[in-house]
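Morning, everyone. Please have the sequence and the model open while I talk.

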Amino acid sequence: MDITPRQLEIVEAAGKILTSSGVSGLTIKNLAKEMKFSESAIYRHFTSKEEIILAMLDYLAETIDKRLQNAIQTIDNPEAKFAAIFQSQFTFFENHRHFVVAVFSDGLLKESQGINEAIFRVISVKINYLFPILLEGQQKGVFSNTVPLEDLMYILMGTFRLQMFRWRLEDFQFDINEAGNKMIQSVLTLIKNK
């Protein structure tokens, strides 16, 4: 997806509104007010609130893909790769909290199949990195294979999601990198071969 600098600016402003006011607070009127634009200026770049959220999620999927690829490209050890992808996620979300709200919100325009598909694309990017790391770790005997690989992957994704959800519910009041690193070490303790 190609996003113009102005569209990215709108997406970032929409994210701020999502973070402070939730989905119901994200209106074109509120967005125009936040950006000190006219509503028609917003409509020159996006046709609707849904299109803005879709752009946000597509942009997020692309940036996660690039970032995770960079995070693990020089790492050979599956344990270190595992830690690197989760650390990368925690650091990114610390600096871009509005994406936490977009991805980890239940009810984000429930009636929108397009948004549901876009959220699934974001999740799929992470799965596309996590699955081969877990497989490699099991094949090399680093990670236990007592739990089927697919089950393990979804357990880990759920653990990450719960950590991010808790951080959001607590209004981002704790250090997500510190808590995230503790979570990574705890999970590694559980999944590593003894």
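One definition before we start: a residue is buried when its relative accessible area is under 20%. And a caution: this is a predicted model.

Take Ala13. It sits in helix α1. Is Ala13 buried or exposed? Its relative accessible area is 8%, so Ala13 is buried. What does Ala13 touch, leaving aside neighbours within four places in sequence? Its contacts are Leu31, Glu34 and Met35. For a sense of distance, go from Ala13 to Ala71. That is 58 residues in sequence and 27 Å in space, C-alpha to C-alpha.

Now follow the contact to Leu31. Again leaving aside neighbours within four places, Leu31 is in contact with Ile10, Ala13, Ala14, Ile17, Ile42 and Ile52.

Leu31 also belongs to the largest nonpolar core, which has 65 residues. Which members touch the most other members? They are Leu31, Leu57, Phe82, Phe86, Leu130 and Leu134. Several helices each supply at least two residues of this core, among them α1 (5–25), α4 (49–72) and α7 (113–139). Helices α8 (149–169) and α9 (176–191) are on that list too.

Let's stay with that last pair. The axes of α8 and α9 are 11 Å apart, and the packing angle is about 155 degrees. Therefore α8 is roughly antiparallel to α9. The crossing is right-handed. By class, this contact has ten nonpolar, three polar and one charged residues. On the α8 side, look for Leu152, Phe160 and Trp167, among others. On the α9 side, the residues include Ile176, Met183 and Ile191.

That's my tour. Over to you.

How values were computed:
Residues numbered from 1 in each chain as written. Predicted model: local features only at pLDDT ≥ 70, side-chain atom pairs only at ≥ 80, totals over all residues. Heavy atoms only, no water. Core = buried A, V, L, I, M, F, W, Y, C linked by side-chain atoms within 4.5 Å. Buried < 20%, exposed > 50% of the residue type's maximum accessible area, 1.4 Å probe, protein only. Helix = DSSP H or I, 4+ residues; strand = E, 2+ residues; numbered from the N terminus. Contact = heavy atoms within 4.5 Å. Axes fitted to C-alpha atoms, helices over the stretch in contact; angles between N-to-C directions. Parallel < 35°, antiparallel > 145°, perpendicular 65-115°, else oblique. Left-handed = near helix turned anticlockwise from the far one by under 90°. Nonpolar A, V, L, I, M, F, W, Y, C, P; charged D, E, K, R; others polar.
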